[in-house]
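Try each task yourself, then follow the solution step by step.

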Amino acid sequence: MRETAAYGCYLGLGANLGQREAVLDEALRQLAAVQEIEVRQVSSYYETDPWGVTQQPAFLNAAAEVWTTLEPLELLAVCQRIEQQLGRVRKEKWGPRTIDIDLLFAAGRSSDTPELRLPHPYLKQRAFVLVPLAEIAAEVIFDGHSFAWWRDACEDTGSVRKILPKGRSFLKKG
């Protein structure tokens with residue numbers, strides 16, 4: 001890790017093409033392999049209805065808590081590099097993808113640039129983000145309320161079904 005202080009950041013991961021579980025596992029393994037990133041918690045995996053563009057396969061989603069010394073734009077670059085290595089091709093906004101890694105929230109950090117809006121601008125509107133996020137960070141306060149509160153207040157009607165339980169060790173596979 002760098003000499004700068006590490007901070008907590010929450011990531012949202014999703015995939016709806018190919019071997020969804022294997023791709024999420026590999027993305028988490030690659031994140032954990034970066035010297036400046038420590039993956040501390042990973043939620044259960046949830047199968048969810050598509051959001052935005054609805055005529056596409058169901059997603060497998062998860063949330064991860066990472067601690068890092070990377071600045072948010074540097075962390076975003078790492079996430080985008082992993083997405084590219086795992087076959088992500090950006091064709092259509094909210095369209096099908098092999099992998100998506102979003103920066104959702106970072107303790108004491110924010111960004112409002114064309115490259116990165118942090119906290120994520122749709123964080124409070126998406127059940128597929130809030131359900132896994134509240135599983136690992138229920139009491140974290142964002143915009144005056146806990147993630148659990150935002151999950152319960154969310155008006156998103158998309159289905160979120162737990163597929164694989166929390167605690168599975170993606171780091172011990174393969």
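**Exercise 1.** Find which residues of helix 2 are buried, and work out how they are arranged around the axis.

*Solution.* Start with the buried residues of helix 2: P72, L75, L76, V78, C79, I82 and E83. Here buried means under 20% relative accessible area, exposed over 50%, and partly exposed in between, with a 1.4 Å probe and protein chains only. Next, look down the axis: these residues cover an arc of only 160°, which puts them on the same side of helix 2. The arc is that of the directions from the helix axis to the C-beta atoms. Now turn to the other side of helix 2, where Q84 and Q85 are exposed.

Before going on, a note on the model: it is predicted, so local features need pLDDT of at least 70 and side-chain atom pairs count only at pLDDT 80 or more, while totals for chains, interfaces and linings use all residues. Residues are numbered from 1 along each chain as its sequence is written, and side-chain values use heavy atoms, leaving out hydrogens and water. Helices (H or I, at least four residues) and strands (E, at least two) are DSSP runs, numbered from the N terminus.

**Exercise 2.** What do the buried residues of helix 2 pack against?

*Solution.* Contact means heavy atoms within 4.5 Å. By that rule, the partners are strand 1, helix 1 (20-33), strand 2, strand 4, strand 5 (100-106) and strand 7 (117-118). Then step just past the end of helix 2, where G87 takes a positive phi of about 95°.

**Exercise 3.** Which strands pair with strand 4, including strand 1, strand 2 and strand 3, and in what sense?

*Solution.* Two strands pair if DSSP finds at least two bridges between them. Take the strands in turn:

- Strand 1 (residues 7-15) is antiparallel to strand 4, with 9 bridges; Y7 has T68 as its bridge partner.
- Strand 2 (residues 37-42) also runs antiparallel to strand 4, through 5 bridges, and the partner of I37 is T68.
- Strand 3 (residues 45-48) is joined to strand 4 by 3 bridges in the antiparallel sense; T48 is partnered by F59.

Finally, check how covered strand 4 (residues 59-68) is: 9 of its 10 residues are buried.

**Exercise 4.** Which residues touch the most other members of the largest nonpolar core?

*Solution.* A nonpolar core is a set of buried Ala, Val, Leu, Ile, Met, Phe, Trp, Tyr and Cys residues joined through side-chain atoms within 4.5 Å. Among the 33 residues of the largest one, the answer is L11, L31, I37 and L103. Two or more residues each come from strand 1, helix 1, strand 2, strand 4, helix 2 and strand 5. A second, separate core has 17 residues, including F128, I136, A137 and C154.
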